[in-house]
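Dear colleague,

Please find the structure below, together with its sequence.

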Amino acid sequence: MFQNNREGLALALPAAVFTALLFLLPVGILLSEAFRVDGQWSLQGYVDFAVKPLNQTVFLRTLKLGFLVASVSAVIGYASAFCIVNMDAKSRGRVFGLVVLPLMISPVARTYAWIVILGRTGIVNDAIVGLGLSDTPIRILFTETAVFLGLLQLFLPLMIISLVSAMENLPKDVIPAARVLGANWFQVFTKVILPLTKDGLVMGGTLVFTGSLTAYIPPAILGGSKVLMLETLLYQRVNVANDFVSAGIIATILIVMSFGANLLLKRIAAARK
Amino acid sequence: MKRLFAMGAALALIAGAANAQENKLTISVYSFGTDAMTAAVFNPFEEVCGCEVVVETGNSVERMAKIEANAANPVIDVAVMSTQDALSLARKGLLQPLDVSKLSSYDDLYEAAKDPIGDNMAVGYGFYATSIVYRSDLVDIDSWADLLSDDLKGRVALPNITGTQGPLTLYMLGQALGYDDISFADTIGAVAESADDIVTFYSRSSELVQLMMQEEVIAAPVGRFAWSRFSGSDFPFKWAEPKEGQTGGMNVMLMTKDNGNEELAYQFMDYWLSTEVQTRVAELKLDSPANAKVVVSDEIAESLTYGADLINSLNMLDPAAIIDNRDAWLERWNEEVIN
């Protein structure tokens, strides 16, 4: 495409300089603090962080919720994506628009709505009491369930979009072919659809998982200080304790978890080949 | 000739800058209601002093960090803080003692506001009471211990320990439960036992209003400065007068060490503490007066922490006790209550 490599490099240079100076360098400086104790390079900060019971709870909760949100959105995502790609072009555009629509609304507004919906006098509790499932309204706000719902609603569209584009590339006749050859729907899904859409799943899974790990708004609004996640803990360390070292440690852990999840998903996808 | 002219221009510029420096006061204040305070206090002061007032805001942690980072060459001349934050700056040697003879309104202040952190390092400019706000159509509150009672299971929010109201709440809960230990060990233990029945530990009173309107929470300790959000709504909110009394706190003004702008700083502090300005601020319901000469109508007083009887009855926590114990409180809280 280019006469020589130099032209290509020259075009990439502005973006590269921008990224290096305004992103990599400051992030590097900030995070390097997390590897220093009394001016010496050390991992002691991580050891101190890991032995605190609260930090363990928060870490495991973050991991658990990230995993749950990613898994549930994969299940719902496959069902929705399968439905969407089998629609006629006109309805497909409309339904796809509905999936994308929430992404255009501020996450604060979307999350805040849950406070009303999940409250004692909200529709969920009205339904529970109305159906006789419980005599009194149950408390959902400020529980892991509330944070889970908030995260799921926030990130499900990303999974659906990834899976829809993966399924659109699925050759039209592979599913009828598998059916004709005697595969049941479970086999069709595991042996045909899943292997052929795994790139979309890896993409969606990474987006949803890392998104759930690093989202601040849902745990802050729906979990509060009773359901701390790594991100809300990080905020607390900076804003309440002015403790940038712990904040750097948490940020490093979040980055490692995000990359780790992506590598793991890619590995799993590759193994299925 | 040209060079001489350029040098002259440069000199004039430097002189001008130095002059501007002399007539500029930089203050660090709470972000809460800054626009209203600017209109009521900071802008009128600019007229009086013929100077420029630069207003910096932020949360307490940021504002304290800024003062500490610029200790050698202070960028902030005057700051307003809670007593415990002021004391922690004083302990780090970042403040200078006030020459109270330069504050003409000093004698008009309530006794508690005159030297709240010792050595004249700060002077109080506003009080607030803290008590329990509750839905009087759903519950009745007459003791701090009611917060942990069976009747209120699952319907109470407490302030988080990381905020100012958290320790005050623990202090009064301890009084009500018969624990009198500043380590709060037994009180935190009691909260931990009920932790599952407490809706949330809130950080901002603004989030509480919504929760109390939709009956998620029907009682919670709140600072009086947030009371108008509740009293102004259509719901039957009431301010409790528990038998153990109300708690509260004070906000103070302080001056950074060697800021080089002392004259203007004293003038500003004196202006803010004057009966005229304290009355204006009170009538706008921005702050409750520390100047005992301020007189306001009953309707205004209702929104404030007003009057010698109330102010003298507040069970305030010693700022030194807060600083000395808060790390231990937080540790215990994290271990027992939210883990």
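The crossing of α3(A) and α7(A) is right-handed, a crossing being called right-handed if the near helix is turned clockwise from the far one by less than a right angle, and left-handed if anticlockwise. Please note that this is a predicted model, in which local features need pLDDT of at least 70 and side-chain atom pairs count only at pLDDT 80 or more, while totals for chains, interfaces and linings use all residues. Residues are numbered from 1 along each chain as its sequence is written, and chains are lettered from A and ligands numbered from 1 in the order in which they are written. Helices (H or I, at least four residues) and strands (E, at least two) are DSSP runs, numbered from the N terminus.

The axes of α3(A) and α7(A), the latter covering residues 144–168, come within 6 Å and cross at roughly 40°. These axes are lines fitted to C-alpha atoms, for helices over the stretch in contact, with angles running from 0 to 180 degrees between N-to-C directions. The two helices are therefore oblique to each other; angles under 35 degrees count as roughly parallel, over 145 as roughly antiparallel, 65 to 115 as roughly perpendicular, and the rest as oblique. The contact of α3(A) with α7(A) comprises 22 nonpolar, three polar and three charged residues. In this classification Ala, Val, Leu, Ile, Met, Phe, Trp, Tyr, Cys and Pro are nonpolar, Asp, Glu, Lys and Arg are charged, and the others, Gly among them, are polar.

Chain A as a whole has 12 helices and two strands. Its C-alpha atoms fill a box of roughly 75 × 70 × 35 Å along the principal axes. Of its 273 residues, 31% are buried, where buried means 20 or more other C-beta atoms within 10 Å of the residue's own, exposed means 12 or fewer, and partly exposed lies in between, with C-beta atoms placed from the backbone.

Within chain A, A:L31 lies in helix α1 (residues 5–32). A:L31 is partly exposed, with 15 other C-beta atoms within 10 Å. Apart from its neighbours within four places in sequence, A:L31 is in contact with A:G248, A:A251 and A:T252; contact means that the C-beta atoms of two residues, placed from the backbone, lie within 7 Å.

The two chains also meet: 19 residues from chain A and 19 residues from chain B form the contact. On the side of chain A, the elements giving two or more residues are α3 (53–85), α5 (107–117) and α11 (230–239). The largest share, three residues, comes from α3(A). That side of chain A divides into eight nonpolar, eight polar and three charged residues.

In chain B, strand β3 (residues 78–82) has four of its five residues buried, so it is largely enclosed by the rest of the structure. Two bridges join β3(B) to β1(B) (residues 24–28), and these strands run parallel; strands pair if DSSP finds at least two bridges between them. Here B:I27 stands opposite B:V78.

The loop between α3 (60–69) and β3 of chain B holds B:A72, which is exposed, with 7 other C-beta atoms within 10 Å. B:A72 and B:N259 are 187 residues apart in sequence and 9.2 Å apart in space, C-alpha to C-alpha.

With kind regards
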